[in-house]
Amino acid sequence: MNVLVYSGSDVLQTSLTHALNTLRALLLPNYSVQSISLQSLVTHPWSSNCALLVLPAFKNAPTSNPSFASAIIPYVEDGGSLLALGAGAQVQDTRSALEGSFENLSISNASELRIFDITKKCHIVPVFGTFADGVDELWPTDILLQDKTRISGILHNRILPLFNNDDFKDSTVLAHYDIESGKRPSAVAHCRVNEGRIVFSSLRLEVPLETDIHRKNLFKEILELLGLDVPMQNSSLYTQPLPQYLTSSPSQADAVAQVLERLGIILSDEPYVLQD
């Protein structure tokens, strides 16, 4: 199965790079982690072999491209898993839109990307941070996990609106901001929408830290909630080369023999090891 990370021109390159690196570190060899362009997202049949679709942080919210939303919404509503990094979300039963700004960080709801929950008769609407100048400014913050563990230094851009357990019944807040004002807004939340699963993270969990164990553990918990089989941390990757099979169609039955002959390989009952 594939884990696909959206790589359209509207995402922050730093977020895309860190997301690919973090996911590969946590999921190999159980999953193939690849990027997927907007064109491939819209035109290719990717969803049937996709265990998780990841949206990195955006520099421009994808509100103006209906094809982006139309590719993602059926995947999630039919049972797919979605992880949105550097993103909040709101529960809406009307087409009210959220517009605002936090200093130089604008926020906008992706009005086209509205995921409808049939049972609750409401929409889950992602809220993305956007950057007019494309500069990815990260700031450390403190969070509280479900077990009241306090983690300092987790990176984010700004606090984005994100629903809590009271707003959406089938949701779990995995982490709250722990800020000086005493308020504890949601920082990471998981929800079930129809058959699908979504995690929204206002935090930039893809970005590595000097002391990284807590970030990785939270990321691993998120992946497991999204239905992925995360390898044991102490398991080593299989680094030996995998077997390669050379075949040909019946109409060119001698093609394999011709290739081997050019490589100087004599056919026998014993396996032959090619040297680099």
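Helices H1 and H4 are roughly perpendicular to each other, a label given to angles of 65 to 115 degrees. In this predicted model, local features need pLDDT of at least 70 and side-chain atom pairs count only at pLDDT 80 or more, while totals for chains, interfaces and linings use all residues. Residues are numbered from 1 along each chain as its sequence is written, and side-chain values use heavy atoms, with hydrogens and water left out.

Let me begin with that helix pair. Two packed helices are described by the angle between their axes and the distance between the axes. For H1, residues 13–27, and H4, residues 213–225, the axes come within 11 Å and cross at roughly 75°. These axes are lines fitted to C-alpha atoms, for helices over the stretch in contact, and the angles run from 0 to 180 degrees between N-to-C directions. Helices here are DSSP runs of H or I with at least four residues, strands are runs of E with at least two, and both are numbered from the N terminus.

Which residues in H1 and H4 meet? From H1 they are Thr22, Leu23, Leu26 and Leu27, and from H4 they are Arg215, Lys216, Phe219, Lys220 and Leu223, where contact means heavy atoms within 4.5 Å. By class, this contact has 5 nonpolar, 1 polar and 3 charged residues. Ala, Val, Leu, Ile, Met, Phe, Trp, Tyr, Cys and Pro count as nonpolar, Asp, Glu, Lys and Arg as charged, and the others, Gly among them, as polar.

I turn to H1 itself. Its 15 residues reach 21 Å from first C-alpha to last, close to the 21 Å expected at 1.5 Å a residue; the expected span is 1.5 Å times one less than the number of residues. Buried in H1 are Ser15, Leu16, Ala19, Leu20, Thr22, Leu23, Leu26 and Leu27, buried being under 20% relative accessible area, exposed over 50% and partly exposed in between, with a 1.4 Å probe and protein chains only. The cover over these buried residues of H1 includes strands S1 (2–6), S2, S3 (50–55) and S4 (81–85), together with H4.

In the loop between H1 and strand S2 (32–36) lies proline 29. The peptide bond from leucine 28 to proline 29 is cis, with omega near 5°.

Next, helix H3, residues 66–77. Its 12 residues should span 16 Å at 1.5 Å a residue, and the end C-alpha atoms are 17 Å apart, which agrees. Phe68, Ala69, Ala71, Ile72, Ile73, Tyr75 and Val76 are the buried residues of H3. Glycine 79, with a positive phi near 120°, follows this helix.

Most residues other than glycine have a negative phi, and most peptide bonds are trans. Lysine 121, in the loop between strands S8 (115–117) and S9 (122–131), has a positive phi near 55° and is exposed, at 56% relative accessible area. Asparagine 194 also has a positive phi near 55°; it sits in the loop between strands S13 (186–193) and S14 (196–201) and, at 22% relative accessibility, is partly exposed.

Finally, the chain as a whole. The protein chain has 5 helices and 14 strands, and 45% of its 276 residues count as buried. Among its contacts with a separation of 6 or more, 65% come from residues 24 or more positions apart.

How values were computed
Parallel < 35°, antiparallel > 145°, perpendicular 65-115°, else oblique.
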